[in-house]
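Let us walk through a structure step by step. Keep the sequence and the 3D view side by side as you read.

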Amino acid sequence: MVLDPLPLQVFAEYFPNGIGRYAVGGLFVGLGAGIIYLGTGISAGASTFLESTLSYASGRSRFQQYVSSRDWRVVFAASIVAGAAIYSLTLGDGFRYSTDVQVWRLFVGGILVGVGTRVGKGCTSGHGICGVGSASRTSLVGVATFLLVAIGVAQLVAAIGVSP
Amino acid sequence: MADTDRHPLFMPLIALGGLVFGFGLGFSHMARPEVVLDFLQFEDIGLLFVMFGGALVSGTAYFLAPKLLDGPALTNRRFERRLKSFDNNVLVGGAVFGVGWGLSGICPGAAYASLGVGNLPILWAIAGMFIGAYAQGLWRSRDDASDASPAGTD
């Protein structure tokens with residue numbers, strides 16, 4: 001692990017796992033988006049894959065508008081899975097991680113994420129990485145909105161005793 | 001969208017970018033819903049470094065590319081910032097996404113990466129995301145006359 005700078009040790013309570021893991025991981029996430037942007041001019045977000053992939057199964061115009069980008073979005077999403085698998089098999093715990101978060105939370109949360117990212121024009125990668133990187137005011141407002149609401153909901157769910 | 005004029009290396013580059021992106025999500029442990037929930041409950045706020053570190057690196061690319069390069073080598077696009085128009089949908093959709101993220105600890109990119117670190121229960125979340133995306137598509141296709149808005153790339 002990367003050594004943490006001294007000032008952060010003062011706030012160690014808020015960084016029980018240090019910052020190295022997060023900072024290095026974040027650099028790779030930004031680098032991945034940067035590689036695609038430099039080569040293609042595309043701002044690669046992860047949530048449009050949901051709608052663009054549905055265009056294979058549905059003729060609705062809402063989904064068909066993504067036909068021209070759906071093939072590379074499938075490649076992008078599959079590569080994200082593969083990239084995480086490479087981490088897991090080399091530096092991680094060998095493909096053995098499994099979440100304890102309850103299935104109903106994953107499923108209901110997933111539905112809301114599916115609706116919200118599509119209505120709200122982006123997710124943590126589209127708005128958060130590419131949009132904030134573009135200094136887009138819309139994305140900054142979008143990130144502030146979902147971050148504040150998510151903090152409130154997570155605190156509320158924990159407060160009423162749902163765990164994990 | 002003028003994506004037809006693609007270089008043979010277009011797909012390999014998308015794949016390389018996705019691999020690096022997914023590796024980062026795995027390395028940062030953001031692919032673990034528990035870690036995201038700890039962050040949202042202020043028990044481990046290191047995840048801030050993933051979002052802002054990532055935005056800083058991609059922001060450097062967005063800032064420098066138009067200044068140093070004529071255009072992307074693999075498409076006939078131009079280097080443009082990712083700018084979306086602002087309207088109430090950004091707030092409403094952002095809030096709905098926030099409820100889902102706060103409830104489950106998962107977001108789209110991290111969910112795909114979670115599958116890559118072996119987390120099979122995440123398939124429930126991914127199934128949910130497709131159902132949600134489909135439901136909003138049906139809902140918004142009702143008044144199809146106004147559905148001719150330009151496609152976005154995010």
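This is a predicted model: local features need pLDDT of at least 70, side-chain atom pairs count only at pLDDT 80 or more; totals for chains, interfaces and linings use all residues.

Begin with a charged pair inside chain A. A:Arg118 and A:Glu51 form a salt bridge, and their closest N and O atoms are 2.8 Å apart. This pair links distant parts of the chain. A:Arg118 sits in helix α6 (residues 103-119) of chain A, while A:Glu51 sits in helix α3 (residues 48-54) of chain A.

The side chains of B:Arg6 and A:Asp71 meet in a salt bridge, at 3.3 Å from N to O. B:Arg6 lies in the segment before α1 (10-27) of chain B, and A:Asp71 lies in helix α5 (residues 70-90) of chain A, so this pair joins two chains. Are these two residues buried, exposed or partly exposed? B:Arg6 has a relative accessible area of 25%, so it is partly exposed. A:Asp71 is at 31% relative accessibility, so A:Asp71 also counts as partly exposed.

A further salt bridge stays within chain B. It is formed by B:Arg78 and B:Glu80, with 3.5 Å between the closest N and O atoms. B:Arg78 has a relative accessible area of 62% and is therefore exposed, since the cut-off for exposed is over 50%. B:Glu80 is at 45% relative accessibility, so B:Glu80 counts as partly exposed. Some salt bridges share partners, and these join A:Glu51, A:Arg62 and A:Arg118 into one network. How many salt bridges are there over all chains? The count comes to six.

Next, take chain B as a whole. It holds six helices and zero strands. From the N terminus on, its elements run α-α-α-α-α-α. Of its 154 residues, 55% count as buried. Consider also the contacts in chain B with a separation of 6 or more: residues 24 or more positions apart account for 56% of them. The chain exposes about 6,600 Å², and carbon and sulfur atoms supply 67% of that area.

For chain B, an unreviewed UniProt entry lists residues 9-27, 47-69, 90-115 and 121-139 under "transmembrane region". What does the model show over residues 9-27 of chain B? That span is 95% helix and 0% strand, and its end C-alpha atoms are 27 Å apart. Residues 121-139 of chain B are 95% helix and 0% strand, with 28 Å between the end C-alpha atoms.

Over residues 71-90 of chain A, the chain is 100% helix and 0% strand, and the end C-alpha atoms are 29 Å apart. Over residues 140-162 of chain A, the values are 87% helix and 0% strand, with 30 Å between the end C-alpha atoms.

Move on to the nonpolar core. The largest one has 70 residues. Which of them touch the most other members? They are A:Phe76, B:Met30, B:Leu40, B:Leu47, B:Trp101, B:Tyr112 and B:Met129. Pick out B:Trp101. Leaving aside residues up to four places away in sequence, its contacts include A:Val113, A:Phe146 and A:Leu147 from chain A. Its contacts also include B:Met30, B:Leu40 and B:Ile106 from chain B.

A:Leu38, B:Phe63, B:Leu64, B:Leu68 and B:Leu69 make a nonpolar surface patch of about 480 Å². Helix α3 (residues 48-68) of chain B gives the most to this patch, with three residues. B:Leu68 is placed in that helix, α3 of chain B. Its relative accessible area is 64%, so B:Leu68 is exposed.

End with B:Ile131. It lies in helix α6 (residues 122-141) of chain B. At 42% relative accessibility, B:Ile131 counts as partly exposed. Which residues does B:Ile131 touch, not counting those up to four places away in sequence? They are A:Phe107 and A:Ile111. Compare B:Ala113: B:Ile131 is 18 residues from it in sequence and 19 Å from it in space, C-alpha to C-alpha.

Conventions: Residues are numbered from 1 along each chain as its sequence is written. Chains are lettered from A and ligands numbered from 1 in the order in which they are written. Side-chain values use heavy atoms; hydrogens and water are left out. Helices (H or I, at least four residues) and strands (E, at least two) are DSSP runs, numbered from the N terminus. A nonpolar core is a set of buried Ala, Val, Leu, Ile, Met, Phe, Trp, Tyr and Cys residues joined through side-chain atoms within 4.5 Å. Buried means under 20% relative accessible area, exposed over 50%, partly exposed in between (1.4 Å probe, protein chains only). Contact means heavy atoms within 4.5 Å. Patches are made of residues with over 30% relative accessible area and no salt bridge: like charges are joined within 9 Å, nonpolar side chains (Val, Leu, Ile, Met, Phe, Trp, Tyr) within 5 Å. Accessible areas come from the Shrake-Rupley method with a 1.4 Å probe; for residues, only the protein chains shown count as cover. A salt bridge is a side-chain nitrogen of Lys or Arg within 4 Å of a carboxyl oxygen of Asp or Glu. UniProt positions are given in the numbering used here, feature names are shortened, and annotations may be inferred rather than shown by experiment.
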